[in-house]
Amino acid sequence: MRNLKILVTGGAGYIGSNLVDTLMAEGHQVHVIDDLSTGKIQNIAHHLGNERFRFVNDSILDRALIDRLVDGVDCVYHLAALVGVKYVVQNPLKGIYTNVTGTEVVLQAAYKRWKRVLIASSSEVYGKSVQVPLEEDGDRLFGATSVARWSYAMSKAIDEHFAFAYANKGLPVSVVRYFNSYGPRLDPKGYGSVIAKFISQARLNQPITVFDNGQQTRCFTYVDDTVRGTLLAASVPEAVGHVFNIGSNRETSVLELARIIREMVGSESEIVQVPYRNVFGENFEETRRRVPDIRRAQQVLGFRAEVPLEEGLLKTVDWFRQAWPMESLAASNEHVAGFFDLEMPHL
């Protein structure tokens, strides 16, 4: 798997840019398409002068462009999506259209040229399922279609249905479901990551806002593990036609996470409990536990998350301190209080 030509959609995003770094370090030629709606040019700026790197600032909804880009590469990592519960609740139509149509465009282009594809999905597809740990082939549970909260989960589920439909036609495609990835390049405003939000609030000595009673749990996965699992799912022959949970199985409550980050930052912030309705309205719904079943990833990919939460958080806090000095952080997060969500992903 050396010296390949690789297309990464959403490659200027948080996970995408970290993936690009690894691919470039391995010696591949990497093409990135990203419309920078949530991704940042700063995330990939250090590659712009490299002859093995090409960046296209455009949309994955441009079928002719995607056709040309896919035609020139050996494989595709499709990470582009509208992510973050706040964005989805505010504009569910854009989220559905971008995620579903974008994935359809990418898979159609790959099918025409018979290119291997990795589709990035999300632990959100499990919805409110209580069948913990969450198994890839387990049942999913969602709220009413009138609740915009679930539109992102359903759009990612449709992405997976597209992927498996093409897999049934023989296309070499695999899917990964990310579980609350975190690490360098998270947005300091916290959109898409509760960890980023807590770090920013703690550094600014603002109240650390925990929704509800804070006993809802997640399994936080350091980005190095996220990228490693993604690479394995895209390259291991036995991964074709399957979906994999990519995440840690260490279950941590949001309240415990807030306390760990506060202590790590050395903050005097108060931890405040905020009802969901205060931010997302009366109809907002959330799952209480989200823990992956990691057996398939272990058995097929040889993957297991290796970075302990405390180690990953230290690295993330250090990155925030270097990338966002206090003056810049304060200016960027003028209205940070009151906005965050519990799901990754991202991108």
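The model is predicted. An open sheet of seven strands has the order β3-β2-β1-β4-β5-β6-β11, with parallel pairing. Helices α8 and α11 cross with axes within 11 Å.

**The seven-stranded sheet**

- Read across the sheet, the strands run β3, β2, β1, β4, β5, β6, β11, and their pairing is parallel.
- The edges belong to β3 (53-56) and β11 (243-246). Each has a single partner strand, so one side of each is left without a neighbour in the sheet.
- Neighbouring strands of this sheet are turned by 20° against each other on average, direction ignored.
- In general, strands of a sheet pair through backbone hydrogen bonds, in either a parallel or an antiparallel way.

**Strand β4 and its partners**

- Strand β4 covers residues 75-78 and pairs with β5 in the parallel sense over four bridges.
- Cys 75 has Arg 116 of β5 as its bridge partner.
- β4 also pairs with β1, again in the parallel sense over four bridges.
- On that side, Ile 6 stands opposite Cys 75 of β4.
- Both faces of β4 are covered. Cys 75 and Tyr 77 lie on one side, Val 76 and His 78 on the other, and all are buried.

**Helix α1 over the sheet**

- Helix α1 spans residues 14-25 and lies across β1 (5-9), β2 (29-33), β3, β4 and β6 (173-178).
- Its direction is at about 170° to β1.

**Ser 121 in strand β5**

- Ser 121 sits in β5, which runs over residues 116-122.
- Setting aside residues up to four places away in sequence, Ser 121 touches Lys 156, Glu 160, Val 175, Val 176, Arg 177 and Tyr 178.

**Strands β8 and β13**

- Strand β8 (residues 208-211) is joined by four bridges to strand β13 (residues 271-274), and the two run parallel.
- Ile 208 stands opposite Ile 271 in β13.
- Ile 208 and Val 210 point one way from β8, while Thr 209 and Phe 211 point the other way. All of these residues are buried.

**Helices α8 and α11**

- Helix α8 (residues 254-265) and helix α11 (residues 309-323) cross at roughly 55°.
- What is the orientation of α8 and α11 to each other? They are oblique. The crossing is right-handed.
- From α8, the contact uses Leu 257, Ile 260, Ile 261, Met 264 and Val 265.
- From α11, the contact uses Leu 309, Glu 310, Leu 313, Leu 314, Val 317 and Arg 321.
- By class, this contact has nine nonpolar residues, no polar ones and two charged ones.

**Ser 200 in helix α6**

- Ser 200 lies in helix α6, which spans residues 194-203.
- How many residues separate Ser 200 and Arg 321 in sequence? They are 121 residues apart, yet 9.8 Å apart in space, C-alpha to C-alpha.
- Arg 321 is also one of the α11 residues that make the contact with α8.

Methods: Residues numbered from 1 in each chain as written. Predicted model: local features only at pLDDT ≥ 70, side-chain atom pairs only at ≥ 80, totals over all residues. Heavy atoms only, no water. Contact = heavy atoms within 4.5 Å. Pairing = 2+ DSSP bridges. Axes fitted to C-alpha atoms, helices over the stretch in contact; angles between N-to-C directions. Buried < 20%, exposed > 50% of the residue type's maximum accessible area, 1.4 Å probe, protein only. Parallel < 35°, antiparallel > 145°, perpendicular 65-115°, else oblique. Left-handed = near helix turned anticlockwise from the far one by under 90°. Nonpolar A, V, L, I, M, F, W, Y, C, P; charged D, E, K, R; others polar.
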